[in-house]
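The sequence and the structure come before the discussion.

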Amino acid sequence: MSDTPMTVVLLSGGIDSAALAALLRDRGELAACLFVMYGQPAAGRELLAAQEWCQAHDVTLHTVQTTIPGAQMSGAPGDPCIVPARNLILASLGATLAYSIGAGQVALGVTQDDQAAYYDC
């Protein structure tokens, strides 16, 4: 059994999570990626980007579709979205997947810049 911790990365299709997944893949620590559809306006484009990244890097991509109570998705470009406890919910879904596949860690790439679109980050 390897001592290398295996990680599930929440892959949004954006540069932050893709860079995180690439770093962990290069270290031999990437178990799989997870994309969550929760009603975000760009879900279709984000899912396509996540699928393309995983296919190009031979990484398994799991997808989950959920509804987050209280979420307010404007759909208009540049308008902020409110998704209560978004990162907590995403991390919990990642932890569930990690447990089910024997991975011991979950990672997500979030930045302060996320607050422009999601006030609750």
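Is Cys33 buried or exposed? Cys33 is buried, at a relative accessible area of 0%. The model is a predicted one, and the values below are computed from it.

**Cysteines**

A search of the whole structure returns zero disulfides. Cys33 takes part in none, and the nearest cysteine sulfur to it, that of Cys54, lies 4.0 Å away. Cys54 is likewise in no disulfide, with the sulfur of Cys33 as its nearest cysteine sulfur at 4.0 Å. Cys54 is buried, with a relative accessible area of 3%.

**Helix α1**

The helix α1 spans residues 15-26. It has 12 residues, and the distance from its first C-alpha to its last is 16 Å, close to the 16 Å expected at 1.5 Å a residue. Its buried residues are Ser17, Ala18, Leu20, Ala21, Ala22 and Leu24. These buried residues pack against the strands β1 (7-10), β2 and β4 (105-108), and against the helix α2 (43-56). After α1 comes Gly28, which has a positive phi, near 75°.

**The salt bridge**

How many salt bridges does a search of the whole structure find? The search finds one. It joins the side chains of Asp26 and Arg25, with an N to O distance of 2.7 Å. Asp26 is exposed, with a relative accessible area of 58%, whereas Arg25 is partly exposed at 28%.

Glu29 sits in the loop between α1 and β2 (30-37). At 15% relative accessibility, Glu29 counts as buried, because the limit for that class is under 20%.

Which residues does Glu29 contact, leaving aside its neighbours within four places in sequence? They are Thr4, Pro5, Met6, Thr7 and Leu24. Of these, Leu24 is also among the buried residues of α1.

Thr4 belongs to the segment before β1 and is partly exposed, with a relative accessible area of 33%. Not counting residues up to four places away in sequence, Thr4 touches Arg27, Gly28 and Glu29.

| C-alpha pair | Separation along the chain | Distance |
|---|---|---|
| Thr4 and Glu29 | 25 residues | 6.5 Å |
| Glu29 and Ala103 | 74 residues | 9.3 Å |

In short, the cysteines Cys33 and Cys54 are buried, and no disulfide is found.

Conventions
Residues numbered from 1 in each chain as written. Predicted model: local features only at pLDDT ≥ 70, side-chain atom pairs only at ≥ 80, totals over all residues. Heavy atoms only, no water. Disulfide = S-S within 2.5 Å. Buried < 20%, exposed > 50% of the residue type's maximum accessible area, 1.4 Å probe, protein only. Helix = DSSP H or I, 4+ residues; strand = E, 2+ residues; numbered from the N terminus. Contact = heavy atoms within 4.5 Å. Salt bridge = Lys/Arg side-chain N within 4 Å of Asp/Glu carboxyl O. Expected span 1.5 Å × (residues − 1).
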